Amino acid sequence: MDKKTFYITTPIYYPSDKLHIGHSYTTVACDAIARYKRMQGYDVMFLTGSDEHGQKIQDKAEAKGVTPQQYVDEIVAGIKDLWKLMNISNDRYIRTTDEYHVKSVQKIFKRLYDQGDIYKGCYKGHYCKPCESFWTDSQLTDGKCPDCGGPVYEAEEEAYFFKISNYADRLLQLYKDVPDFIQPETRKNEMIAFINQGLQDTCVSRTSVKWGIPVNFDPKHTVYVWVDALSNYISALGYENDAYNDYDKYWPADLHMVGKEILRFHTIIWPAMLMALDLPMPKKVFGHGWVLLDGGKMSKSKGNVVDPVILCNRYSVDAIRYFLLRDIPFGNDGIFSNEALINRINTDLANDLGNLLSRSVAMIEKYFGGTLPAVRCADALDKELIDLCESMPQKVTDCMDKLLMPQALTEVFKTIQRANKYIDETAPWVLAKDEANHPRLATVLYNLCEVLRYAAVILAPFLPDTAPKIAEQLGILGMDDILTYESLSAFGKLPDGFTVKKGEALFPRIDLAKELEELAAAAAANTPAEEKPQPIEHEPEIVIDDFMKCELRVGLVKAAEKVEKADKLLKLTVFDGERDRTIVSGIAKWYKPEDMLNKKVAIVANLKPVKLRGILSEGMIMAADSGEDVVVNFMPDSVKPGSRIR
């Protein structure tokens, strides 16, 4: 019987420089999903790759004095080394410079042209080089790129256009017919709002950029990067080329995982292209949030990135994988900090998991010479732990099916934490004092090892280096029949006579204060003087009674629009848990109306109303202001409107 297939993709990364921890987050998330599906018995195709064409690459190569191909070859080698370091189990790696991909893109472009979906015209407008995006006047934000906030320049050249405007109604119908096609739900509303503004035909070729795939029937044109890049998801399976023969087996994709900044291309341009080609739609596109550093998005151009290689070498690959999957709220933005990373390692990995293994193995060696006797004695106290352990795999699977990876790991560690509590409840060291209690002691230690067996199996997709170490210390490494997902169907699969062997600590505990001090010293030594922290002018101190006068609550943005003749202002309709209120906020420079729709924000609810541009504003949106950038304080989806912020 053929296995059920599962096709998952990362975005293909732009090799303009080394990748940072944000890229690693996307790829580690996809890897955990792919590994989990394989563990469940699926035939998985896990694709990642690199998007290697475009003007920015052409310019960087020229500045370095090498060819574009030489430039990307060096960067891509580093990307592949990073994925190897981070235990990424991709089945295929596609480069848009691969000959078979070039062949596919040229055939796709020609077919769309022949059937009238692509036509020749003249492009005149604005172009953002970092984003490789064209923009109209109405789409710019204060004259800058609405995605990255960077400058745009005027462009005018002959170009081919894709008639995406013909597919607006079909796209909206797709979103209606397949409600979870775009995830999270809030991102779908953003795409609907974008389409309803009016889709304009998309420029799909350039004559001023030579580094790309030539249009084979009009060679002075180069295929525009997004048509080139998006086609990778089917060219990698052999669509319109003879390099592979997997298209019929794996397409449509079960999941495209992308960053929220490129969701629009994957949920508007890509499905419209597939509609034009009369091909099935991918089943789901998930636009995850950003990994933020000090409140701002990591950016290679800004230089505020965290190097995953340094982190992995300092703390271990599995520690970094675990932090990314456990601490970043999937679908929302998450903040990376050294303190949060170290605390998570110490709390979950060292204290909970590591201590459970080391204590259990040490007690078996101390009390039974490493091998538990077959004579055991159960007790009612065991039931809660056993029930929790047996229910855990299904709970984890339910979370993984919904792409709730932090919650999946929470379920695993609930069981691990309960096992640590079970040690305190049963007090093995007391049972050991009386030989008559040894059958009961053996049962307690057996149950602890069973919990660890469950952990070794269910954590393998997330912590691929750590899981075998747990099995090795339990003495069951190589006993494949009890280390499968199916083996978790019932508690008690450990064989009689298994022999444990204590090993090194899975995750040594880190001295937080000392580590932060060392990291700060290292950072200071490498920070130019002009970038070092400067004194802050603080407001006068207040007492708690003064603070409590400020009523901070969670509000849900139900509508958003620009204020006429006011470039800086947005008019927001915010539900505060009791009623809708209007708030005028000076964030239009940084946020478009659709960026705010259906988001939960922190508001000052008892601010005296005031008229701004003739609009009565009943409160204030809380945001961080760094002078050059403003970041709105979005609240998690789980928090109810009206909740008090204290």
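Which residue just after H15 takes a positive phi? In this predicted model, in which local features need pLDDT of at least 70, side-chain atom pairs count only at pLDDT 80 or more, and totals for chains, interfaces and linings use all residues, the residue is Ala427, with a phi of about 45°. Residues are numbered from 1 along each chain as its sequence is written, and side-chain values use heavy atoms, with hydrogens and water left out.

**View 1**
Helix H15 covers residues 405-426, where helices (H or I, at least four residues) and strands (E, at least two) are DSSP runs numbered from the N terminus. Most residues other than glycine have a negative phi, and most peptide bonds are trans. Leu403 counts as buried because its relative accessibility is 7%, given that buried means under 20% relative accessible area, exposed over 50% and partly exposed in between (1.4 Å probe, protein chains only).

**View 1. Helix H10 and the residue that follows.**
Helix H10 (residues 263-277) has 15 residues that should span 21 Å, and its end C-alpha atoms are 20 Å apart, which agrees. The helix is mostly covered, with 15 of its 15 residues buried. Asp278 follows H10 and has a positive phi, near 60°.

**View 2. Two separate nonpolar cores.**
A nonpolar core is a set of buried Ala, Val, Leu, Ile, Met, Phe, Trp, Tyr and Cys residues joined through side-chain atoms within 4.5 Å. The largest such core holds 112 residues, and the members that touch the most others are Tyr315, Ile458 and Leu459. Helix H17 (residues 438-458) gives the largest share of this core, 14 residues. Leu459 touches Leu353, Leu409, Val412, Phe413 and Ile416, not counting residues up to four places away in sequence, where contact means heavy atoms within 4.5 Å. A second, separate core of 67 residues includes Tyr7, Phe161, Ile262 and Trp270.

**View 3. The largest cavity and its lining.**
A search of the whole structure finds 1 cavity of 30 Å³ or more, and about 80 Å³ of space lies in the largest cavity. Of the 14 residues that line the largest cavity, Gly54, Val209, Val223, Tyr224 and Val225 are the closest to its centre. On a 1 Å grid over the protein atoms alone, a cavity is a set of points where a 1.4 Å probe fits but cannot get out, and lining residues have an atom within 4 Å of a point; grid points are joined across faces, edges and corners, and a volume is the space filled by probe spheres set on the points. Strand E10 (222-223) and helix H7 (225-230) each supply at least two residues of this lining. By class, the lining has 6 nonpolar, 5 polar and 3 charged residues, with Ala, Val, Leu, Ile, Met, Phe, Trp, Tyr, Cys and Pro counted as nonpolar, Asp, Glu, Lys and Arg as charged, and the others, Gly among them, as polar.

The peptide bond from Gln183 to Pro184 is cis, with omega near -5°, and Pro184 is placed in the loop between strand E7 (182-183) and helix H6 (185-196). A cis peptide bond also joins Trp251 and Pro252, with omega about 10°; Pro252 lies in the loop between helix H9 (247-250) and strand E11 (255-259).

Ser89, in the loop between helix H3 (68-85) and strand E3 (92-95), is buried, with a relative accessible area of 17%. Not counting residues up to four places away in sequence, Ser89 touches Asp31, Arg35, Arg38 and Phe46. Gln69, placed in helix H3, is partly exposed, with a relative accessible area of 29%. With the same exclusion of residues up to four places away in sequence, Gln69 touches Glu52, Arg95, Thr97 and Trp211.

Key
The expected span of a helix is 1.5 Å times one less than its number of residues. On a 1 Å grid over the protein atoms alone, a cavity is a set of points where a 1.4 Å probe fits but cannot get out, and a pocket is an open set with protein on both sides within 12 Å along at least five of seven lines; lining residues have an atom within 4 Å of a point.
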